[in-house]
Amino acid sequence: MAGFPERVTLGRSGLVVGPLGVAGGYGVDSAAIRRAVDRGCNYLYHGSRRAPGMRTAVRELVAAGRRDELVVVLQSYARWPWLIEVRLARELAALGLDHADVLLLGWYNDTPSARVLERVARLHEKGMFRHLAVSGHRRPAFIEFAADPRYSILHIRYNAAHPGAEQDVFPHLPSEGRPGTVAFTATRWGSLLSAKKMPPGEAPLRGRDAYRFVLSSPDFNVCMTGPKNAAELEEALAALDEGPLSAEEMARVRRIGEFVRAHAWMG
């Protein structure tokens with residue numbers, strides 16, 4: 001079976017990226033991140049957990065003349081407009097960049113305040129970032145975000161145990177001028193990979209299968225991975241070569257996802 005495309009267009013942002021994005025906040029080292037970039041994984045998320053591996057990798061790649069290959073995503077959970085600017089400026093300096101490709105406003109279940117959006121607009125005018133993204137957990141909010149041209153990219157929670165975006169978001173998005181879509185928590189914080197969480201007699205998913213589930217959906221452009229180490233990143237990269245799930249594999253992954261969600265209260 002053919003693998004996933006090497007490059008996709010991230011919706012109305014127009015950014016060209018690999019379908020697997022890499023988050024650096026969980027411990028993966030800079031060498032592994034650079035290898036992922038060599039494989040085309042250029043959507044690099046430097047979020048609230050700003051670990052040294054990602055910072056070092058970005059600086060090394062920029063020093064090697066590869067800045068134009070990268071799509072660097074900086075996230076802010078700050079609700080005070082001045083703090084968004086202070087932290088964005090600080091992290092750009094730490095990365096050796098003059099701008100971020102994407103500023104991600106983190107965990108908004110409703111429209112950000114007018115004061116936040118005014119400051120963000122000024123930061124864009126100053127050239128501190130190129131495209132605005134938003135993440136959240138209340139799925140209907142994404143319908144509102146998609147209708148607002150200020151947002152180029154949506155970060156949406158989606159996995160086999162939380163597939164609700166299939167009904168609550170994507171049927172309601174515009175067919176033209178659609179924002180880019182990025183999935184996070186593909187492994188449901190690791191529970192889809194845990195033998196203790198599985199239905200009786202069922203082997204746990206491999207990491208690659210959790211990522212293949214997301215990337216098999218035509219509604220997502222990018223699936224994020226947050227590896228702790230190089231081995232976990234290699235497991236995620238294997239998804240790119242294996243490609244979409246077969247019908248039998250899809251049925252199994254969905255069956256496991258339903259069980260994990262139904263028994264989430266058990267811990």
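These notebook entries record what I looked up in a predicted model.

**Entry 1: ground rules**

I worked from a predicted model in which local features need pLDDT of at least 70 and side-chain atom pairs count only at pLDDT 80 or more, while totals for chains, interfaces and linings use all residues. Residues are numbered from 1 along each chain as its sequence is written, and side-chain values use heavy atoms, with hydrogens and water left out. For the elements I used DSSP runs numbered from the N terminus: helices are H or I runs of at least four residues, and strands are E runs of at least two.

**Entry 2: helix 1 against helix 2**

I began with helix pairs; two packed helices are described by the angle between their axes and the distance between the axes. The axes are lines fitted to C-alpha atoms, for helices over the stretch in contact, and the angles run from 0 to 180 degrees between N-to-C directions. I found helix 1 (residues 30-38) packed on helix 2 at an angle of about 55°, with the axes 8 Å apart. That makes helix 1 oblique to helix 2; by the convention used, angles under 35 degrees are roughly parallel, over 145 roughly antiparallel, 65 to 115 roughly perpendicular, and the rest oblique. The crossing of helix 1 with helix 2 is right-handed, a term for the near helix being turned clockwise from the far one by less than a right angle, left-handed being anticlockwise.

I then listed the contact (heavy atoms within 4.5 Å). Helix 1 contributes Ser30, Ile33, Arg34 and Val37, and helix 2 contributes Gly53, Met54, Thr56, Ala57, Glu60 and Leu61. By class I noted five nonpolar, three polar and two charged residues in this contact. Here Ala, Val, Leu, Ile, Met, Phe, Trp, Tyr, Cys and Pro count as nonpolar, Asp, Glu, Lys and Arg as charged, and the others, Gly among them, as polar.

**Entry 3: helix 2 against helix 3**

I looked next at helix 2 (residues 52-63) and helix 3 (residues 81-95), which pack at an angle of about 60° with their axes 8 Å apart. Helix 2 and helix 3 are therefore oblique to each other. Arg55, Val58 and Arg59 of helix 2 meet Glu91, Ala93, Ala94 and Leu95 of helix 3. I counted four nonpolar, no polar and three charged residues in this contact.

**Entry 4: helix 7 against helix 8**

I found that the axes of helix 7 (residues 207-215) and helix 8 (residues 230-242) come within 8 Å and cross at roughly 50°. That makes helix 7 oblique to helix 8. The crossing of helix 7 with helix 8 is right-handed. Gly207, Arg208, Tyr211, Arg212 and Leu215 of helix 7 touch Glu235, Ala236, Ala238, Ala239, Leu240 and Glu242 of helix 8. I classed the residues of this contact as six nonpolar, one polar and four charged.

**Entry 5: salt bridges**

Side chains of opposite charge can pair when their charged atoms come close. I looked up the total and found 24 salt bridges (a side-chain nitrogen of Lys or Arg within 4 Å of a carboxyl oxygen of Asp or Glu).

Glu242 and Arg212 meet in one of them, at 3.3 Å from N to O. Glu242 lies in helix 8 and Arg212 in helix 7, so the pair ties together parts that are 30 residues apart in sequence. I noted Glu242 as partly exposed at 26% relative accessible area, and Arg212 as buried at 2%; buried means under 20%, exposed over 50%, and partly exposed in between (1.4 Å probe, protein chains only). Both residues belong to a salt-bridge network that also includes Arg206, Arg208, Asp209, Glu235 and Glu249.

Arg67 pairs with Asp101, with the closest N and O atoms 2.9 Å apart. Arg67 lies in the loop between helix 2 and strand 5 (71-76) and Asp101 in strand 6 (residues 100-105), so the pair ties together parts 34 residues apart in sequence. I found both Arg67 and Asp101 buried.

Arg178 pairs with Asp219, with the closest N and O atoms 3.0 Å apart. I placed Arg178 in the loop between helix 6 (165-168) and strand 9 (180-184), and Asp219 in the loop between helix 7 and strand 10 (222-225), 41 residues apart. Arg178 is partly exposed at 23% relative accessible area, and Asp219 is partly exposed at 23%.

**Entry 6: backbone angles**

I noted a positive phi near 60° at Trp107, a residue other than glycine. Trp107 sits in the loop between strand 6 and helix 4 (114-125) and is partly exposed at 48% relative accessibility. Trp189, also not a glycine, has a positive phi of about 55°. I located Trp189 in the loop between strand 9 and helix 7, exposed with a relative accessible area of 56%.
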